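My notes follow in the order I made them.

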Amino acid sequence: MKKITLFTLILGVLFSCKEAPKEERVEKEVVVEEKVEEIIPDRSANFPKDIAAIFKAHGGIQAFDTQNTLIFELSKPEGNEKHTTDLKTRHARIETDKFALGFDGKDAWIKQDSTYFKGNPRFYHNLMFYFYAMPFVLGDDGISYEKVDDLKVEDKVYPGYKISYGDGVGDSPKDNYFIYYDAQSHQMKYLGYTVTFFSKESSEKISLIEYSDWNDVDGLLLPKTLKWRAYEDGVVGDIKSERNFVNASASKEKLDASIFSEPKQ
């Protein structure tokens with residue numbers, strides 16, 4: 001009886017000392033989703049041939065359409081104004097050391113500790129953006145194009161188009177723009193414009209800006225310097241004032257909408 005018990009004990013020890021079966025390792029396949037970049041269609045065929053050529057000379061309307069955010073600074077002796085614009089919604093924010101101003105898609109707002117800024121926030125929030133983002137903003141929806149007489153400056157002529165808006169387009173649908181471009185390079189050279197925001201009535205008074213210098217901003221040719229010229233009865237006069245732009249960038253990054261909202265405090 002003792003022998004059988006001892007034998008059974010030895011067998012038990014031997015079996016217990018055998019290696020435990022190895023766990024079978026199952027390799028899991030990790031699936032990495034490849035981010036597919038949205039293909040932005042080229043709208044060039046939607047515009048008059050000359051207008052499409054102007055867009056192309058400045059980098060192309062398709063290149064502009066792929067961008068979501070435009071940032072630039074308006075250089076001023078008392079401190080630069082930083083302008084940030086959502087190119088799809090046209091929400092805007094302007095920042096300085098003395099005030100912040102913005103547009104959230106519905107309301108224009110301003111925050112300041114004093115009365116430094118005395119203008120109209122609704123009028124000003126996109127004023128410099130429109131001048132700076134030329135010619136591409138002339139590709140917005142609801143615009144009509146009409147060939148006009150050439151603009152003559154000294155011994156050179158610049159072909160031009162009048163740009164007008166449909167009823168209810170923007171805050172000032174009665175505004176008109178006049179774009180004049182170099183016939184060889186198709187780069188824009190002058191911009192005429194009327195202001196109807198305050199009167200809400202059509203105006204015959206045309207102001208004129210010369211686009212004299214350009215910067216390559218992430219593939220877009222955008223102005224470095226704007227010069228306001230005297231202009232009356234089709235005659236271009238002396239330079240009255242100028243604006244300079246620095247630290248510009250265009251990005252596909254979509255900013256959070258809260259950036260354009262009025263600060264809580």
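This is a predicted model: local features need pLDDT of at least 70, side-chain atom pairs count only at pLDDT 80 or more; totals for chains, interfaces and linings use all residues.

Entry 1, helix α2. I looked up which residues of α2 (residues 49-57) are buried and found I51, A52, I54 and F55. Buried means under 20% relative accessible area, exposed over 50% and partly exposed in between, with a 1.4 Å probe and protein chains only. The four cover an arc of only 155 degrees around the axis, which puts them on the same side of α2; the arc is that of the directions from the helix axis to the C-beta atoms. On the face turned away from the buried side I noted the exposed residues K49 and K56. Just after α2, G59 has a positive phi of about 115 degrees.

Residues are numbered from 1 along each chain as its sequence is written, and side-chain values use heavy atoms, with hydrogens and water left out. Helices (H or I, at least four residues) and strands (E, at least two) are DSSP runs, numbered from the N terminus.

I asked what covers the buried residues of α2, and the cover includes α3 (61-65), β6 (143-153), β7 (156-165) and β8 (176-181). Contact means heavy atoms within 4.5 Å.

I traced an open sheet of 12 strands in the order β5-β4-β3-β2-β1-β12-β11-β10-β9-β8-β7-β6, with antiparallel pairing; two strands pair if DSSP finds at least two bridges between them. β5 and β6 stand at the edges with a single partner strand each, so one side of each is left without a neighbour in the sheet. I then looked at β9 (residues 188-193) and β10 (residues 207-217), which run antiparallel and are joined by four bridges. Y193 has S207 as its bridge partner in β10.

Leaving aside neighbours within four places in sequence, I listed the contacts of F131, among them L191, Y193, I209 and W228.

I located S114 in the loop between β5 (108-112) and α4 (121-124). S114 is partly exposed, with a relative accessible area of 43%.
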